[in-house]
Amino acid sequence: MRGYYPRKPNLPAEFPDLISKMARHKAFDREAVLDKAMDTFWRKGYEGTSVRDLVENMGINRGSLYDTFGDKHTLFLAAIAHYEDTIVKHALACLETPHADKQAIIDHFYGLIDRAIVDVEKRGCFVTNSAVELCARDREAATRIEHNLKRIERAYGNALKRSQDKGELRSDCDIRATARFLICTLQGLRVMTKVNCDRSVLEDIAKVALAVLQ
């Protein structure tokens with residue numbers, strides 16, 4: 001009696017690729033690995049970070065990285081957005097409340113100095129570092145970073161306006177110009193923290209800048 005041989009199923013041409021992706025798929029927490037990617041770019045810079053660095057530090061394979069985040073540049077933009085949604089959001093918490101005034105701005109400056117003192121790696125600010133490295137030649141990165149800085153400008157502007165309404169600032173104070181001046185000084189202060197973390201030096205800078213609020 002002849003043996004029975006079942007017919008092979010008529011599989012779609014892309015089926016082997018699907019099997020390959022399923023085989024290499026590894027469940028992971030997207031936010032957790034994105035946090036690790038952010039940390040890697042923050043420490044090493046965009047150009048200094050290789051895909052190998054990302055794979056090793058994120059704890060996922062290349063296939064998962066590309067399938068989930070796209071290429072290195074797309075992942076970097078996602079890391080900048082993640083920084084805004086986590087680190088910046090936390091740092092601006094006191095400024096984005098309905099009652100924030102000029103004291104919240106003062107607290108923000110000195111809070112930055114406190115964090116810089118304990119930053120033994122001198123990483124500085126991820127946004128500031130990326131602006132210096134990339135903005136002159138990377139339009140997408142510049143747009144993402146500009147969005148971040150405008151958020152801070154809005155928070156500063158709202159706090160200044162409340163202080164002005166309460167009579168704590170001169171009625172002729174240019175709110176928008178003052179907010180922009182303070183943000184510019186803040187970015188310079190963040191660069192300085194990578195060079196010199198002496199508290200007295202940083203507080204001298206903050207004291208002179210914040211004098212515009214008197």
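Trainee: Why is Tyr-46 called buried?

Mentor: In this predicted model, Tyr-46 has a relative accessibility of 12%. Buried means under 20%, so Tyr-46 counts as buried.

Trainee: What makes Phe-76 count as buried?

Mentor: The relative accessibility of Phe-76 is 0%. That value is under 20%, and therefore Phe-76 counts as buried.

Trainee: Why is the pair of Tyr-46 and Phe-76 called edge-to-face?

Mentor: The centres of the two rings are 5.0 Å apart, with 65° between the planes. Rings pair if their centres lie within 6.5 Å, and planes over 60 degrees apart count as edge-to-face. Tyr-46 and Phe-76 therefore form an aromatic pair of the edge-to-face kind.

Trainee: What makes this a link between distant parts of the chain?

Mentor: Tyr-46 lies in the loop between H2 and helix H3 (51-58), whereas Phe-76 belongs to helix H5, and the two are 30 residues apart.

Trainee: How many aromatic pairs does the whole structure hold?

Mentor: A search finds seven. In another of them, the rings of Trp-42 and Tyr-83 have centres 5.2 Å apart and planes at 90°, so this pair too is edge-to-face. The partners sit 41 residues apart, Trp-42 in helix H2 (residues 30-44) and Tyr-83 in helix H5 (residues 72-91).

Trainee: How do you know whether Trp-42 and Tyr-83 are buried or exposed?

Mentor: Trp-42 has a relative accessible area of 11%, and Tyr-83 is at 4% relative accessibility. The limit for buried is under 20%, so Trp-42 is buried and Tyr-83 counts as buried.

Trainee: Which residues do the ring pairs link into a cluster?

Mentor: The cluster consists of Phe-41, Trp-42, Tyr-46, Phe-76, Tyr-83 and Phe-126.

Trainee: Turning to the helices, why is H6 called roughly antiparallel to H10?

Mentor: Helix H6 (residues 102-117) and helix H10 (residues 199-210) pack at an angle of about 165°, their axes being 10 Å apart. Angles over 145 degrees count as roughly antiparallel, which makes H6 roughly antiparallel to H10. Their crossing is right-handed.

Trainee: Which residues make the contact of H6 and H10?

Mentor: H6 contributes Ile-105, Ile-106, Phe-109, Tyr-110, Ile-113, Asp-114 and Ile-117, and H10 contributes Arg-199, Leu-202, Glu-203, Ala-206, Lys-207, Ala-209 and Leu-210. By class, the residues of this contact are 10 nonpolar, no polar and four charged.

Trainee: At what angle do helix H7 and helix H8 cross?

Mentor: The axes of helix H7 (residues 126-134) and helix H8 (residues 139-165) cross at roughly 145° and come within 10 Å. This crossing is left-handed. Val-127, Ser-130, Ala-131 and Leu-134 of H7 meet Ala-141, Ile-145, Asn-148 and Leu-149 of H8. The contact has six nonpolar, two polar and no charged residues.

Trainee: What makes Thr-178 a buried residue?

Mentor: Thr-178, found in helix H9 (residues 175-195), has a relative accessible area of 11%. Because this is under 20%, Thr-178 is buried. Leaving aside neighbours within four places in sequence, Thr-178 is in contact with Leu-160, Cys-173, Val-212 and Leu-213.

Trainee: What is the secondary structure of the chain as a whole?

Mentor: The chain has 10 helices and zero strands. Buried residues make up 42% of its 214 residues.

How values were computed
Residues are numbered from 1 along each chain as its sequence is written. This is a predicted model: local features need pLDDT of at least 70, side-chain atom pairs count only at pLDDT 80 or more; totals for chains, interfaces and linings use all residues. Side-chain values use heavy atoms; hydrogens and water are left out. Axes are lines fitted to C-alpha atoms, for helices over the stretch in contact, and angles run from 0 to 180 degrees between N-to-C directions. Helices (H or I, at least four residues) and strands (E, at least two) are DSSP runs, numbered from the N terminus. Angles under 35 degrees count as roughly parallel, over 145 as roughly antiparallel, 65 to 115 as roughly perpendicular and the rest as oblique. A crossing is left-handed if the near helix is turned anticlockwise from the far one by less than a right angle, and right-handed if clockwise. Contact means heavy atoms within 4.5 Å. Ala, Val, Leu, Ile, Met, Phe, Trp, Tyr, Cys and Pro count as nonpolar, Asp, Glu, Lys and Arg as charged, and the others, Gly among them, as polar. Rings of Phe, Tyr and Trp (its six-membered ring) pair if their centres lie within 6.5 Å; planes under 30 degrees apart count as stacked, over 60 as edge-to-face and the rest as tilted. Buried means under 20% relative accessible area, exposed over 50%, partly exposed in between (1.4 Å probe, protein chains only).
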